[in-house]
Amino acid sequence: MNIARLRRLGRRLVELSKATDGEDQPLLTPGEEAVFEDVLRHAGSAVGEIQARTGFAQSHVSASVARMRERGILETGPDPADGRRTQVRVADASLHLLFRRATTPVEEVVRGAVQDPADADRAVVLLKELEALLITDDAHGAG
């Protein structure tokens, strides 16, 4: 396997990880995804704080937040401590979708992508082996 094939495999695994059964959730651009992940980790942040952590231009962060707010992915509201400041948080519907995706068994997703049941079972075994080899527990070091 070469690096190009590894990247192709990585993209396919990302596609599968985002798959949900019959879900037509709008896809995020890479920039929107980075902003979304920052908001997920730092709920209640202002656009300037998101900009500082992501390194994107403030105009990009503002536009990304506005687009995701229009699609119901993010919500904004005034800061109770400072009404001039706007806080950004992940919408409840998005949190429910994330939870459902996070708790969907990998077997279900792989069986949807690989037609032959025996091949699907083997793919799941291989994925679990890769996970054990390549993903370390954050509590025990890098990962």
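The expected span of a helix is 1.5 Å times one less than its number of residues, and helices (H or I, at least four residues) and strands (E, at least two) are DSSP runs numbered from the N terminus. This is a predicted model, in which local features need pLDDT of at least 70, side-chain atom pairs count only at pLDDT 80 or more, and totals for chains, interfaces and linings use all residues. Residues are numbered from 1 along each chain as its sequence is written, and side-chain values use heavy atoms, with hydrogens and water left out.

**View 1. Helix α2 and its span.** The 12 residues of α2 reach 17 Å from first C-alpha to last, close to the 16 Å expected at 1.5 Å a residue.

**View 2. The buried residues of α2.** G31, E32, V35, F36, D38 and V39 are the buried residues of α2 (buried: under 20% relative accessible area; exposed: over 50%; partly exposed in between; 1.4 Å probe, protein chains only). Seen down the axis of α2, they fall within an arc of 160°, so they line one face of the helix; the arc is that of the directions from the helix axis to the C-beta atoms. On the other side of α2, P30 and R41 are exposed.

**View 3. E32 in helix α2.** E32 is buried, with a relative accessible area of 2%. Not counting residues up to four places away in sequence, E32 touches L27, S64, R67, M68 and R71 (contact: heavy atoms within 4.5 Å).

**View 4. Residues of α2 that meet α4.** From α2, G31, E32, V35 and F36 meet H60, V61, S64, V65, R67 and M68 of α4.
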